[in-house]
Amino acid sequence: MPQKLTSRQQAQLAYLEQLPPKFQRMHNVIEQMASLRVDDAILRGFARLLDEIKGNAGALSLSGLAETAGIMGTMLRRGGGLQFKVRGLRELLASLKSNYDAALREATTPLGPEEPDATV
């Protein structure tokens, strides 16, 4: 009999399925920043998106995603050269996608009978 996912894993999976279009949006904004075709309204929306991902991922115990999104938000808001920000955001987006893949793998792997659900 196949093992079922816990309620925590089901909630994480439902949230993770919503992220790929947001990753594409992030990539587009970063590329607009690189080509100097971005305005403040787009950057504020990007910052809100990162804050939303950080909050939701933290609430669902997806700490890798939450931490990376928080660092991206900090980098976006800080001073400094635009090319420095673009390079950092590109690298952090790759890290965010890597954390996403790991979180997706963990959320879709049923816990064994000896592994208790880690929700406390």
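Residues are numbered from 1 along each chain as its sequence is written, and side-chain values use heavy atoms, with hydrogens and water left out. In this predicted model, local features need pLDDT of at least 70 and side-chain atom pairs count only at pLDDT 80 or more, while totals for chains, interfaces and linings use all residues.

Helix H2 covers residues 19-34, 16 residues in total, and spans 23 Å from its first C-alpha to its last, close to the 22 Å expected at 1.5 Å a residue. The expected span is 1.5 Å times one less than the number of residues. Helices are DSSP runs (H or I, at least four residues), numbered from the N terminus.

The structure holds four salt bridges, each a side-chain nitrogen of Lys or Arg within 4 Å of a carboxyl oxygen of Asp or Glu. Among them are the following.

| Pair | N to O distance | Helices and separation |
|---|---|---|
| Glu 52 and Lys 22 | 2.7 Å | H3 and H2, 30 residues apart |
| Arg 90 and Glu 31 | 3.0 Å | H5 and H2, 59 residues apart |
| Asp 51 and Arg 77 | 2.6 Å | H3 and H4, 26 residues apart |

Lys 22 is buried at 18% relative accessible area, whereas Glu 52 is partly exposed at 35%.

Definitions and conventions
Helices (H or I, at least four residues) and strands (E, at least two) are DSSP runs, numbered from the N terminus. Buried means under 20% relative accessible area, exposed over 50%, partly exposed in between (1.4 Å probe, protein chains only).
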